[in-house]
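I have my notebook open and a new model to explore. Come along while I look things up one by one.

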Amino acid sequence: MNTILFSKKVEVRYQAQVVVVGGGPSGFCAAVAAARAGADTLLIEEGGCAGGMATRGLVGPFMTSYDKDGKQMIIRGLFEELVNRMVMCGGAIHPEGVRAGTAFTSWIVLGHDHVTPFEPECLKIVMDEMLAEAGVRVLYHTRFVEPVVQDGTIRQIIIDSKAGLEAVSADVFIDCTGDADVAYRAGVPCEKGNEELGLIQPASLFFRIGNVRLAPLEADIVAHKDQFYRKDGVNYRSLHWRVTEAREHGDWPLQRVSIGLFRGVKEDEWFINTSRVMGVDATDNQSLTRGEIEGRKQVEIIFNFFRKYVPGCEDARLLCSASTLGIRESRHVKGLYRLMTDDLLEGKVPSDSICLASNSVDVHGRFGPLSNQYAAIRNGRWYGIPYRCLVPERIDNLLVAGRCVSAESDAAGAIRVMPPSTAMGQAAGQAAAMAVQQRLAVSDVSVSELQQKLREQGAFLEV
Ligand SMILES: Cc1cc2nc3c(=O)[nH]c(=O)nc-3n(C[C@H](O)[C@H](O)[C@H](O)COP(=O)(O)OP(=O)(O)OC[C@H]3O[C@@H](n4cnc5c(N)ncnc54)[C@H](O)[C@@H]3O)c2cc1C
């Protein structure tokens with residue numbers, strides 16, 4: 001390999017007590033929580049808005065924030081505040097009234113009770129407002145490049161933007177990049193996908209369609225409901241009868257056999273989660289480029305399919321495709337504890353849990369179109385995510401939150417969804433502020449004090 005040595009003096013342009021890298025659901029909550037806890041906080045985000053997959057990725061709805069039986073909202077705190085603020089602006093439907101087996105869940109029942117449909121445009125604005133109110137300094141259009149590590153501590157990070165390369169120093173860093181960019185480059189051991197199987201979850205490019213007539217679409221689904229394909233107790237396969245028809249007419253070259261379609265806040269606007277790009281490595285720009293191009297091709301095919309074959313969609317309009325490919329899985333950091341799939345299926349709540357969740361293991365077609373794997377909790381109504389999963393090995397002033405926390409691949413397939421990501425972010429932000437204020441390594445933060453503070457902030461935490 002041809003290599004060069006590159007070195008450059010850069011200005012330490014920013015200083016903060018807590019720096020959060022990545023402004024998705026986890027990073028947004030980490031930044032707000034750290035700032036509300038009194039830490040001078042800087043958020044660094046490569047896109048032009050907060051929200052990550054929820055905004056630029058057009059991913060929705062927020063998966064369930066309720067317990068397994070759908071009786072009680074268990075992911076609360078900042079997530080609930082965000083939802084309530086959006087509901088007030090008409091930009092979300094409160095999950096209390098959104099039930100499984102409906103247009104809001106692509107008619108899936110198991111694990112899909114009380115999801116939260118929301119408007120990504122409203123989310124962008126509400127997130128900007130909450131960041132500003134909390135006093136978070138925000139740098140959009142800014143990308144983390146490299147950490148400067150000394151004796152197991154990150155002293156600075158190098159960022160890149162239109163202003164060029166600059167350095168940021170802070171006491172504690174929180175990696176919310178989804179891909180563990182900060183942790184990996186700081187030397188934290190990471191696993192990519194499921195290394196035992198040599199597989200990674202497929203990527204998808206979401207898109208939104210408008211001008212859909214709900215009544216004929218719903219009538220078609222209801223008329224075929226008994227034909228849904230069931231696997232692992234899940235009634236997948238909306239519109240597979242229409243996909244079959246399109247395939248017979250040569251209009252469906254894709255491998256997928258059915259459609260994931262989720263009604264948005266407005267009844268004529270739908271989020272389509274159907275494209276599937278296999279083998280995308282989100283840590284490789286060539287692979288991402290191939291994924292984006294392939295995803296767009298699939299979006300065109302699927303959109304044309306809607307107009308031609310799906311009742312109620314004859315005059316549908318393509319509102320937009322996501323501005324970034326949806327990545328379900330990339331790196332998982334090695335932390336002080338690795339969350340195991342059995343831990344969550346058995347409903348374990350370790351004593352250092354920083355949030356509770358009930359989301360099921362949801363592994364999308366790693367082996368091909370009919371190979372989805374879904375597993376709901378077997379015991380109890382929820383499981384806990386331990387603080388140790390947020391504390392990576394080897395670096396004493398780094399926390400991680402969201403998709404890339406320490407978990408085996410299938411367990412990550414449950415906790416990666418947005419509500420638990422927000423709760424992990426809130427815990428990481430609060431813990432980072434405590435570490436700064438008490439001059440502690442993040443691993444030495446008192447978990448019982450952290451749990452108490454999270455409860456005071458509205459988190460539901462029965463440990
Ligand atoms: C196709 C698909 C469907 C899904 N369906 C659902 C669903 O229906 N419901 C649900 O609740 N969840 C769903 N999820 C899961 C969910 O969207 C994500 O797992 C969740 O958003 C994770 O949050 P996060 O904050 O960890 O990461 P992200 O949302 O990915 O946010 C990471 C942020 O970090 C920024 N970033 C990354 N690297 C850098 C860098 N080097 N420098 C600066 N910024 C950086 C990114 O721009 C981004 O804003 C789905 C995901 C996918 C991909």
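**Entry 1: what covers helix 11**

I looked for what lies over the buried residues of helix 11, and the cover includes helix 2 (77–88), strand 15 (353–357) and helix 10 (418–437). I keep in mind that this is a predicted model.

Which residues of helix 11 are buried? In this helix, which spans residues 447–456, I found Leu450, Gln451 and Leu454 buried. I then looked down the axis of helix 11: the buried residues fall within an arc of 100°, so they line one face of the helix.

Gly458 follows, and its phi is positive, near 100°.

**Entry 2: strand 6 and its partners**

One pair I noted is Val20 with its bridge partner Ile174 in strand 6.

Ile174 turned up again when I looked at strand 19, where it stands opposite Leu399. Strand 19 (residues 398–400) runs parallel to strand 6, and three bridges join them.

Strand 5 (residues 153–161) pairs with strand 6 in the antiparallel sense, over six bridges. Here I found Ile159 opposite Glu166 of strand 6. A hairpin of two residues leads from strand 5 to strand 6.

**Entry 3: two domains**

Finally I stepped back to the whole chain. It is divided into domain 1 (12–93 + 119–198 + 330–456) and domain 2 (207–321). How far apart are the C-alpha centres of the two domains? I read off 29 Å between the centres of domain 1 and domain 2.

Then I looked at where the domains touch: 18 residues of domain 1 are in contact with 16 residues of domain 2. On the domain 1 side, strand 17 (residues 373–375) gives the most, with three residues. I sorted the residues on that side of domain 1 by type and got eight nonpolar, seven polar and three charged.

Conventions
Residues are numbered from 1 along each chain as its sequence is written. This is a predicted model: local features need pLDDT of at least 70, side-chain atom pairs count only at pLDDT 80 or more; totals for chains, interfaces and linings use all residues. A residue is buried if 20 or more other C-beta atoms lie within 10 Å of its own, exposed if 12 or fewer, and partly exposed in between; C-beta atoms are placed from the backbone. Helices (H or I, at least four residues) and strands (E, at least two) are DSSP runs, numbered from the N terminus. The arc is that of the directions from the helix axis to the C-beta atoms. Two residues are in contact if their C-beta atoms, placed from the backbone, lie within 7 Å. Two strands pair if DSSP finds at least two bridges between them. Domain bounds come from an automatic or database domain assignment. Ala, Val, Leu, Ile, Met, Phe, Trp, Tyr, Cys and Pro count as nonpolar, Asp, Glu, Lys and Arg as charged, and the others, Gly among them, as polar.
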